[in-house]
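Student: I am new to this one. Could we go through the structure together, a topic at a time?
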Amino acid sequence: MSQEKFILSIDQGTTSSRAIIFNHAGEIVSVGQMEHEQIFPKSGWVEHDPVEIIKNVREVIGTALSRADINRHQIAAVGITNQRETAVVWDRTTGKPVYNAIVWQDTRTKKIVEDLGGGDPEKYKDIVGLPLATYFSGPKVKWILDNVEGAREKAEAGDLMFGTTDTWVLWNLTGGTKDGLHITDVTNASRTMLMNLKTLDWEESICKDMGIPMSMLPEIRSSSEVYGEGSKNSLLIGAKFAGILGDQQAATFGQACFEVGQAKNTYGTGNFLLMNTGEEIVHSENGLLTTVLYQLGDNKPVYALEGSVAVTGSLVQWVRDNLGLIKDAPEVETLAKKVDNNGGVYVVPAFSGLFAPYWRDDARGAIVGLTRFVNRNHIARAVLESTAFQSAELVEAMNQDADVPLKELKVDGGMTVNETLMQFQADLLDVDVVRPKVVETTALGAAYAAGLAVGFWKSEQDVIDNWSEDTRWEPAMDEETRERSMRVWRKAVERTFDWVDDDTDALTE
């Protein structure tokens with residue numbers, strides 16, 4: 001009797017690494033998860049230790065396998081999904097990173113980005129779909145080569161490798177210094193500022209502008225194909241690595257958004273709204289990004305418009321860890337429910353500047369509207385509401401860019417358990433908000449990409465058939481209240497502009 005087969009998904013995220021095993025119905029069989037340290041060397045700097053990450057990845061794979069009580073021979077394929085713009089540079093010979101991973105939230109490349117643009121933040125946008133911003137990984141690589149002793153010489157000699165964390169994980173699990181695969185997929189490559197959206201190749205002229213040797217770059221492959229097998233030094237020896245998707249594209253795939261105009265919003269460390277635009281590259285006029293959504297094998301790539309918010313779930317962490325206002329994340333909703341409204345308080349968490357639709361790296365966080373009437377319950381409610389306000393601005397921008405306005409919003413991610421937030425989101429958008437039964441859509445999307453490559457699932461229709469609705473929130477706010485709320489929110493956002501200059505930076509060093 002043949003053993004049942006499963007798909008293993010490695011989700012290397014911003015705050016933790018997870019291994020999740022799925023069955024053919026797209027249901028979770030087991031999970032292994034470990035958090036890694038968030039390193040903040042200076043104001044605006046955010047780093048991770050790549051060695052800690054790969055150690056944790058190995059451990060969570062073992063945990064997931066043992067909890068499912070299955071062996072590696074039952075793993076039909078392995079998919080990888082990851083925090084997208086976080087950059088790792090390591091030595092080809094020793095396998096050791098030359099510096100910590102610079103995280104997507106990090107703003108140290110502000111001067112590099114300004115110099116590259118020469119006053120034009122959209123210098124490369126027609127080629128790569130992205131504005132010049134600290135968010136993306138290309139300038140982070142330049143920073144490492146410019147600032148780590150000996151790094152540029154090693155890079156020019158062909159001794160250094162670059163990758164986002166999908167590449168780092170795959171390289172280590174397929175052999176590392178002993179012929180590890182140096183590969184990324186089109187979705188992650190489209191977030192570096194170095195890939196041409198039309199050709200899906202590295203753009204040599206931009207690499208030259210950033211001083212990044214082409215020899216450092218991984219091979220770009222589709223999101224769903226067999227790349228290679230797990231090595232002897234991993235628990236996945238012989239297992240087929242067959243899918244890679246950046247985390248937000250993976251969540252969109254897991255939500256079965258295969259039709260043009262379908263969209264999802266992920267509520268995680270940050271918030272990420274993606275809308276499928278099909279095989280057409282749509283350039284935003286309203287501050288959104290153009291990105292590759294997925295490519296299945298030799299098929300044409302499918303593109304998306306994306307709105308990115310840097311700080312949503314991590315704002316709740318900040319309130320817990322830095323301010324001590326709550327003991328755990330769920331308490332924020334408990335407090336918020338004790339009041340009927342935000343008491344006039346608005347929290348704009350521009351810790352790393354503002355992403356879409358503003359793209360202001362000179363902004364910094366603000367709590368506005370404080371009076372003696374306000375208590376911590378109002379602040380807790382304002383913290384939740386800020387996530388919904390930021391997402392509503394993304395939807396507005398997307399409706400302006402797209403031909404068809406959004407009819408409903410599929411949601412996923414950790415914050416979707418928060419009923420108060422989801423209802424407020426539906427109220428602000430004036431459309432239904434829908435959460436699926438399996439909310440781990442990021443890991444699920446990578447699993448689907450891998451499973452499709454090996455025939456575990458036959459087609460996208462299997463993904464559509466597996467998707468099922470769990471909860472639907474319908475809007476219940478009158479138009480006047482909605483418009484007033486958004487107007488005051490925008491007023492609060494404007495208060496954060498033009499904050500950063502040399503003097504403010506000096507005060508935090």
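Student: How far apart are Glu-156 and Arg-152 in helix H5?
Tutor: They are 4 residues apart in helix H5 (residues 151-156), which means about one helical turn separates them. Helices here are DSSP runs of H or I with at least four residues, strands are runs of E with at least two, and both are numbered from the N terminus. The model is a predicted one, in which local features need pLDDT of at least 70 and side-chain atom pairs count only at pLDDT 80 or more, while totals for chains, interfaces and linings use all residues. Residues are numbered from 1 along each chain as its sequence is written, and side-chain values use heavy atoms, with hydrogens and water left out.

Student: What do the side chains of Glu-156 and Arg-152 form?
Tutor: They meet in a salt bridge, at 3.9 Å from N to O. A salt bridge is a side-chain nitrogen of Lys or Arg within 4 Å of a carboxyl oxygen of Asp or Glu.

Student: Is Glu-156 buried or exposed?
Tutor: Glu-156 counts as exposed, at 58% relative accessibility. The classes are buried under 20% relative accessible area, exposed over 50%, and partly exposed in between, using a 1.4 Å probe and protein chains only.

Student: Which residue does Asp-470 pair with?
Tutor: Asp-470 forms a salt bridge with Arg-435, and their closest N and O atoms are 3.1 Å apart. Asp-470 belongs to strand S21 (residues 469-473) and Arg-435 to strand S20 (residues 432-436), so the pair ties together parts that are 35 residues apart in sequence. Asp-470 is partly exposed at 41% relative accessibility, whereas Arg-435 is buried at 9%.

Student: How many salt bridges are there in the whole structure?
Tutor: The search finds 30. Among the residues involved, Arg-84, Glu-85, Arg-191, Asp-247 and Glu-306 are linked in a network of salt bridges.

Student: New topic: how many cavities of 30 Å³ or more are found?
Tutor: The search finds 1. A cavity is a set of points, on a 1 Å grid over the protein atoms alone, where a 1.4 Å probe fits but cannot get out; lining residues have an atom within 4 Å of a point. Points are joined across faces, edges and corners, and a volume is the space filled by probe spheres set on them. The largest cavity holds about 100 Å³ of space.

Student: Which residues lie nearest its centre?
Tutor: Of the 15 residues lining the largest cavity, Val-309, Leu-354, Ala-356, Tyr-358 and Gln-390 lie nearest its centre. Strand S16 (302-309), helix H12 (376-401) and helix H16 (479-494) each give two or more residues to the lining.

Technical notes: On a 1 Å grid over the protein atoms alone, a cavity is a set of points where a 1.4 Å probe fits but cannot get out, and a pocket is an open set with protein on both sides within 12 Å along at least five of seven lines; lining residues have an atom within 4 Å of a point.
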